[in-house]
Amino acid sequence: MLRKFLLQASTRRNFSASSSSSVAFFRQCSSSSSSSSQIPNSHFVEHMEDTNETPPSATISIDRTALYNPPEQSHEQSAESELVKHLKNIIKFRGGPVTVAEYMEEVLTNPKLGYYINRDVFGADGDFITSPEVSQMFGEMIGVWAMCLWEQMGRPSKVNLVELGPGRGTLLADFLRGVSKFKNFTDSLHIHMVECSPTLQKLQYRNLKCVTEDSADGNEKKGINSTITGSPVSWHASLEQVPTGLPTIIVAHEFFDALPLHQFQKASRGWCEKMVDVTENSSFRFVLSPQPTPATLYLMKRCKWADSEEIFKLDHIEVCPKAMDLTQEISKRIGIDGGGALIIDYGLNGVVSNSLQAIRKHKFVDILDNPGSADLSAYVDFAAIRHSAEEVSGVSVHGPMTQSQFLGSLGINFRVEALLENCTEEQAESIRTGYWRLVGEGEAPFWEGPDNQTPIGMGTRYMAMAIVMCLLCSVVFPCHVLIINEMLISICEEENVKNIIVRIKNKK
């Protein structure tokens with residue numbers, strides 16, 4: 001999933017120029033005090049007393065003497081990991097706590113100790129399962145979407161295909177297999193993988209069936225190609241390193257959910273940023289900043305996009321500056337070079353409140369428990385992504401819509417029907433289960449196996465959004481039915497799939 005992009009500079013900016021407006025916002029956004037300093041996950045949030053009325057600055061001053069005593073619950077390690085020691089040293093030498101965003105960056109993408117850097121975290125043996133791991137149909141449908149976009153661009157002879165946070169490479173491998181018979185399309189592709197983990201890069205190389213070609217004299221490497229389609233493949237640490245100047249198709253699946261975010265909590269004096277600190281007995285805890293922080297600028301921006309009633313009802317707000325900035329970077333590239341981007345993630349079409357979670361071995365665990373041993377992710381604020389993209393000229397935004405609606409518009413229902421025509425009973429159960437997880441909602445009604453293995457549908461929890469060049473039509477929905485028909489025939493090798501396509505045409 002991630003992601004050298006997370007390793008770029010944090011969102012610290014010169015705060016003094018906007019200090020007066022920030023303080024006013026900081027105090028006026030809340031007309032009522034928070035009823036309790038207790039928040040989910042049984043964390044005790046300490047309030048740092050601000051005894052001085054000095055203007056806020058980019059440096060957060062900390063008065064530790066006014067902190068409350070920590071609760072009995074703590075997050076001490078029997079044997080501290082190197083990452084835990086590293087985090088505590090950062091807090092110690094800084095002289096104060098770090099933001100939740102800084103904590104996430106270190107935990108997930110520290111170059112030596114980060115969660116994503118040195119391990120395969122996906123699949124049944126990892127900590128979580130993503131849609132591409134559930135069924136091959138997911139990657140195939142993304143291929144249908146990309147071909148629709150390519151057709152509407154006028155079939156350019158050269159295209160940059162970029163995936164942000166490719167995981168194991170499963171999505172793109174299924175994508176390429178699905179489009180492999182469309183030579184004009186595959187010949188146009190130059191694949192760019194934005195990935196920071198050496199371990200995952202090796203898995204992607206293998207799953208894309210890549211080969212490295214040598215030059216004639218054997219001294220220099222010509223390049224890397226995927227043998228699935230013959231397309232050249234390159235790896236990059238960030239989107240900025242991907243060459244510009246060509247029409248670009250960008251896919252970001254479960255990428256935005258792991259970008260570092262800032263959390264704010266309503267207190268008697270207004271919105272305070274939540275920070276991560278170390279107690280006297282060396283355990284981690286949450287505290288509240290005594291004065292505005294640089295990220296308050298993004299909080300102000302996010303609140304302007306929302307209804308005042310929506311903000312008034314909330315006690316917590318999450319903002320993700322890197323998601324906003326990355327969206328604008330993507331939008332500017334599309335506006336200049338042409339193309340489009342597809343973002344799929346679990347999230348909300350509105351302000352997100354207190355959604356940050358940690359997952360280890362497919363179970364939720366405490367966010368501060370043994371940092372680096374669990375994935376950290378949060379709901380994506382699709383409304384903020386939409387507003388960020390709309391600030392860029394030359395692009396249009398379509399969606400969000402549910403994953404179920406998106407995949408349905410691409411023909412996944414008929415793809416499932418085709419797969420079920422010729423398969424064993426065991427294969428049929430796997431196909432139905434994968435299909436339900438992709439488009440269903442709640443527990444699968446057909447399941448007859450163990451209760452603890454009941455497939456849970458992700459069709460409404462996940463959302464899809466497209467950002468495309470203004471001259472192009474929406475390719476989120478509806479897609480061009482003739483392209484979908486041709487794609488379905490290609491990816492389904494069974495002869496009787498042609499009968500299904502006839503039924504598709506009759507239903508249109």
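This note covers aromatic pairs, charges over rings and salt bridges in the structure above.

1. The model is predicted, so local features need pLDDT of at least 70 and side-chain atom pairs count only at pLDDT 80 or more, while totals for chains, interfaces and linings use all residues. Residues are numbered from 1 along each chain as its sequence is written, and side-chain values use heavy atoms, with hydrogens and water left out.

2. There are eight aromatic pairs in the structure. Rings of Phe, Tyr and Trp (its six-membered ring) pair if their centres lie within 6.5 Å; planes under 30 degrees apart are stacked, over 60 edge-to-face, and the rest tilted. Trp436 and Phe446 pair edge-to-face, because their planes are at 85 degrees, with ring centres 6.3 Å apart. Trp436 is buried at 18% relative accessibility, and Phe446 is partly exposed at 32%. Buried means under 20% relative accessible area, exposed over 50%, and partly exposed in between (1.4 Å probe, protein chains only).

3. The charged end of Lys88 sits over the ring of Phe284, 5.5 Å from its centre. For Lys274, the charged end sits over the ring of Phe286, at 4.9 Å from the centre. The criterion is NZ of Lys or CZ of Arg within 6 Å of the ring centre and within 35 degrees of the ring normal.

4. The whole structure has 13 salt bridges, each a side-chain nitrogen of Lys or Arg within 4 Å of a carboxyl oxygen of Asp or Glu. Among them is Glu151 with Arg155 (2.7 Å, N to O). Glu151 is partly exposed at 23%, as is Arg155 at 44%.
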